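Thanks for coming, everyone. I'll take you through one model, chain by chain. Have a look at the picture first.

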Amino acid sequence: MNLFFQILVNGILVGGIFAVVALGFSLVWGIMNIINLAHGSFLMLGAYIAYVLFANYHLDPFLSLPIAFVVMFLFGYLIQRYIINFVVRAPILTTFLLTFGLSLLLINAALLVFHGDIKGITTSYSGANFSLGPVTVPWSKLWTLVAALVITALMQLFLTGTKTGRAIRATSMDIGAAQLSGVRVAHLYAIVFGLGSGLAGAAGVLVSLSYSLQPSMGDPFLIKAFVVCVLGGLGSVQGALVGGILYGILEAFGSQYVGTGLQDAVALVVLLIVLIVRPTGIMGKATA
Amino acid sequence: MAKTSAVLRKVGMGGITGNRYAFYISCAILAVLLVVPSLHNGYLENLFRGVLMFATLSLGWNIIGGYTGYVSFGNVVFFGVGATVSSVLWQHYQQQNIVLAIVLAAIVAALMALILGFPILRLKGHYFGIATLGIALATQEIISNIDWLGGGSGFTIRQAGFFSEYYYAMWAICVISLVATWFIARSKFGYALVAIRENEEAAAILGVDATKYKVIAWMISAMMAAAAGSVFAFANGFIDPPTSFAVDNNVFPIVMAILGGVGTVAGPLVGAFVLTAINETLWSKFPQIHTLFFGAVIVLVVLFLPRGILWLLAVRGGFRGFINSLKAYRV
């Protein structure tokens with residue numbers, strides 16, 4: 001039974017990261033109808049920002065979180081405004097390929113700059129943990145989960161409480177009506193894509209605390225973002241959070257009881273079942 | 001938006017098959033490719049076998065993704081299954097009969113598409129794409145964990161006999177796929193697929209059995225990919241899941257179809273030639289960073305040729321018409 005609780009806690013802790021990864025991916029997908037295959041490489045860039053700041057200025061990754069967010073926000077804004085915007089209304093295939101090309105570009109550019117060797121961030125508190133009854137909790141992972149919850153809450157506040165946030169939600173409901181009400185859609189889309197990329201950057205910083213860094217590190221997280229989006233429902237903040245944590249638990253139990261090599265297969269089979277039974281996701285609206 | 005897309009369709013690709021002359025020229029090019037093995041140049045033979053393989057994969061993807069409009073992101077699963085069938089045949093039964101391998105691979109893949117097709121093809125748009133991606137990744141991981149199928153370490157196939165046999169086999173599969181696509185596109189079945197792509201509900205009301213046609217289209221698509229995979233296994237001499245389920249085998253065919261022209265008969269073949277030429281040139285000029293340039297090429301192709309090379313043949317109004325056509329997808 002102790003093992004059961006330990007696995008459950010591990011799953012929840014890692015699920016926070018998945019939630020932040022999926023949040024940006026889900027926003028861009030749900031609002032702009034773009035499957036951003038470069039999301040994983042944005043995450044990688046965020047992680048390298050944390051690494052560079054840590055290695056050169058000994059800046060704690062949690063402090064470089066806002067920096068990575070802002071830098072990646074601007075990066076995403078420019079990419080949407082000056083590249084993706086030209087084909088944003090084309091069939092899904094077009095943007096899918098465009099972002100795939102972007103991700104190839106970014107990963108290989110990172111390979112040139114940072115080289116392929118595996119890097120890591122070791123803070124003073126890496127490896128420190130505390131006991132909670134029978135369960136061991138690493139401090140860094142607990143703080144990661146807290147940061148993930150704070151990011152998710154801020155995102156929800158932004159989308160419901162600010163004028164820009166309401167404009168974003170209005171545009172996702174009816175682009176024509178939003179345009180008539182004075183929303184500058186191209187600018188707004190760029191903000192949404194910037195947010196998605198900023199969140200990927202923030203997620204990359206969180207990932208850098210417990211995973212090793214290399215240019216193609218983002219790809220597995222991209223697949224997880226897919227699954228989480230489908231589990232939780234598209235474009236919904238709560239959905240990403242619930243889906244992320246659910247996926248974390250699922251993966252933790254999958255690797256324990258089915259086999260380490262099959263943990264992704266377990267998650268993917270669950271994905272297929274959810275897709276077939278309830279295509280709008282667990283938290284999604286009944287009508288897509 | 002509806003208006004622009006209607007205009008784009010009217011400009012179209014020259015009907016349901018695309019440009020007729022592009023198809024005839026493709027057939028002629030394929031006929032010329034038959035002489036490649038007699039040049040006794042190993043590099044050229046490998047290169048063009050690769051072109052034929054990717055063209056076949058792209059033609060297969062085009063049936064479901066181009067004609068039927070169900071964009072599959074996991075057709076590599078059938079390629080991988082085809083390759084696995086060949087390697088298992090050799091490993092456990094010492095069979096090198098290439099025709100047997102191709103037929104068996106096609107049957108296995110078609111059955112898989114049949115069983116998976118009924119639940120999966122109910123999904124629309126992105127969800128179908130993700131489900132297919134999920135199937136591809138899950139199948140790869142499951143095969144990696146079953147030792148009888150090669151497991152994580154894979155099987156080595158000792159190539160007995162005449163090496164160019166594999167080239168001729170790949171050539172034949174490609175020709176069959178191209179000609180089959182031509183006849184499918186011109187048949188009632190082809191028109192039904194396009195009707196499903198354009199408006200599935202309307203097609204169903206007019207009496208098109210959408211589910212049946214979609215599943216059959218996916219089975220045909222699967223058979224093309226599996227046949228290419230089974231020949232690839234023999235030609236490559238070694239098969240493990242990362243080789244057969246490689247991301248390249250999944251994405252290149254889609255890029256090629258788009259580059260040539262989605263939903264045209266010759267598009268995938270044209271795309272395969274052009275993309276391979278670009279890739280080879282980049283590779284020889286910039287061996288270190290050719291993938292970076294390749295990413296840039298994809299970005300440029302999508303921005304400037306979102307409807308493919310063959311579509312250029314149909315653009316009206318010269319350069320200005322081309323520029324205007326690019327504005328259709330902006331916000």
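Start with chain B. Take its contacts between residues at least 6 apart in sequence: 78% of them join residues at least 24 apart. Contact here means that the C-beta atoms of two residues, placed from the backbone, lie within 7 Å.

Before I go on, the ground rules. This is a predicted model, so local features need pLDDT of at least 70, side-chain atom pairs count only at pLDDT 80 or more, and totals for chains, interfaces and linings use all residues. Residues are numbered from 1 along each chain as its sequence is written, and chains are lettered from A and ligands numbered from 1 in the order in which they are written.

Now the build of chain B. It has 16 helices and two strands. Helices (H or I, at least four residues) and strands (E, at least two) are DSSP runs, numbered from the N terminus. The radius of gyration of chain B is 20 Å, close to the 20 Å from the globule rule for 331 residues, so chain B is as compact as a globular protein of that length. That radius is taken over C-alpha atoms, and the rule is 2.2 Å times the number of residues to the power 0.38. Along its principal axes, the C-alpha trace of chain B spans about 60 × 45 × 35 Å. Of the 331 residues in chain B, 51% are buried. Buried means 20 or more other C-beta atoms within 10 Å of the residue's own; exposed means 12 or fewer; partly exposed is in between; C-beta atoms are placed from the backbone.

How far can we trust it? Mean pLDDT (the predictor's confidence in each residue, from 0 to 100) is 86 for chain B, and 95% of its residues reach 70 or more. Confidence in chain B is lowest in helix 1, residues 2-11, at a mean of 41. It is highest in helix 10, residues 210-236, at 94. Over residues 1-13 of chain B the pLDDT is below 50, and that stretch has 15 contacts in the model beyond near neighbours in sequence. The model scores ipTM 0.82 and pTM 0.84.

Next, helix 12 of chain B, residues 247-260. Its 14 residues should span 20 Å at 1.5 Å a residue, and its end C-alpha atoms are 20 Å apart, which agrees. The expected span is 1.5 Å times one less than the number of residues. Is helix 12 of chain B enclosed or open? Here 11 of the 14 residues are buried, so helix 12 is largely enclosed by the rest of the structure. Among them are B:F252, B:I254, B:M256 and B:L259. After helix 12 of chain B comes B:G261, with a positive phi near 145°.

On to the interface. 35 residues of chain B are in contact with 38 residues of chain A. On the chain B side, helix 6 (125-144), helix 12 and helix 14 (290-304) each supply at least two residues. Helix 6 of chain B gives the largest share, 12 residues. That side of chain B divides into 26 nonpolar, seven polar and two charged residues. Nonpolar is Ala, Val, Leu, Ile, Met, Phe, Trp, Tyr, Cys and Pro; charged is Asp, Glu, Lys and Arg; the others, Gly among them, are polar.

Now chain A. It has 11 helices and two strands. Its radius of gyration is 19 Å, close to the 19 Å that the globule rule gives for 288 residues, so chain A is as compact as a globular protein of that length. Buried residues make up 53% of those 288.

The strands of chain A form a hairpin with two residues between them, and A:G133 takes a positive phi near 65° there. Strand 1 (129-132) and strand 2 (135-138) of chain A run antiparallel, joined by four bridges. Pairing requires at least two DSSP bridges. A:N129 has A:P138 as its bridge partner.

Then comes helix 5 of chain A, residues 139-161. It reaches 32 Å over 23 residues, close to the expected 33 Å. Its buried residues include A:L145, A:I151 and A:M155. What covers the buried residues of helix 5 includes helix 1, helix 3, strand 2, helix 8 and helix 10 of chain A.

Last, two loop residues. A:N33 lies between helix 1 and helix 2 of chain A, and its phi is positive, near 60°. A:N33 is partly exposed, with 17 other C-beta atoms within 10 Å. A:H58 sits in the loop between helix 2 and helix 3 of chain A, with phi near 55°. A:H58 counts as exposed, with 8 C-beta neighbours inside 10 Å.
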